[in-house]
Amino acid sequence: MTNRTAATRYARALLDVAVNEHVDLSVVETQLTAFASLFEQNEGLRKALVNPAVPVPRKRAAIDEIVAKAAVLPIVGRTIALLADRDR
């Protein structure tokens with residue numbers, strides 16, 4: 001599966017869950033955009049998350065800490081954590 005195909009599947013799943021849970025989609029978009037910006041601007045974080053030598057549990061721990069400090073919606077936090085668990 002290509003990265004684009006995987007990204008599309010995760011995005012559709014997130015949208016489906018957000019709609020079913022009646023979550024404000026603009027808030028989801030804002031929070032995901034903020035995380036993407038953090039990822040792009042923080043070289044250390046980016047290197048750690050994309051490095052295959054870094055074990056998934058360490059990646060997940062970093063994501064859990066970021067999500068807790070950012071106080072994002074649970075659906076956004078779970079999605080980002082799932083991506084870390086799946087090494088995506």
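Analyst: Ala6 counts as buried, because its relative accessibility is 3% (buried means under 20% relative accessible area, exposed over 50%, partly exposed in between, with a 1.4 Å probe and protein chains only). Ala6 sits in helix H1. Helices here are DSSP runs of H or I with at least four residues, strands are E runs of at least two, and both are numbered from the N terminus. This is a predicted model, in which local features need pLDDT of at least 70 and side-chain atom pairs count only at pLDDT 80 or more, while totals for chains, interfaces and linings use all residues. Residues are numbered from 1 along each chain as its sequence is written, and side-chain values use heavy atoms, with hydrogens and water left out.

Stay on H1. From Ala6 to Asn20 the chain runs 14 residues, and their C-alpha atoms lie 21 Å apart. Helix H1 covers residues 3-20, and Val19 belongs to it. Val19 counts as partly exposed, because its relative accessibility is 45%. Ala6, in contrast, is buried. Val19 and Leu32 are separated by 13 residues in sequence and by 16 Å between C-alpha atoms.

Next comes the loop between H1 and H2, where His22 is found. His22 is not a glycine, yet its phi is positive, at about 55 degrees. His22 is exposed, because its relative accessible area is 74%. Asp87 also has a positive phi of about 55 degrees without being a glycine. Asp87 lies in the segment after H5. Its relative accessibility is 39%, so Asp87 counts as partly exposed.

Now helix H2. Val27 is located there. With a relative accessible area of 29%, Val27 is partly exposed. Val27 and Ser37 are ten residues apart along the chain, and their C-alpha atoms are separated by 15 Å. Gln31 is buried, because its relative accessible area is 18%. Which residues does Gln31 contact, leaving aside neighbours within four places in sequence? They are Ala71, Val72, Leu73 and Val76, where contact means heavy atoms within 4.5 Å.

Then the core. A nonpolar core is a set of buried Ala, Val, Leu, Ile, Met, Phe, Trp, Tyr and Cys residues joined through side-chain atoms within 4.5 Å. The largest one has 15 residues, and Val28, Leu49, Ile63 and Ile75 touch the most other members. Two or more residues each come from H1, helix H2 (25-41), helix H3 (43-50), helix H4 (56-70) and helix H5 (74-85). H5 gives the most, with five residues. In soluble globular proteins, nonpolar side chains tend to be buried together. Ile75 shows its own set of partners. Not counting residues up to four places away in sequence, Ile75 touches Leu14, Val17, Ala18, Glu21, Val23 and Val28.

Finally, the whole chain. The protein has five helices and zero strands. Read along the sequence, the order is α-α-α-α-α. Of the contacts with a separation of 6 or more, 57% join residues 24 or more positions apart. Of the 88 residues, 24% count as buried. The C-alpha trace spans about 40 × 30 × 20 Å along its principal axes.
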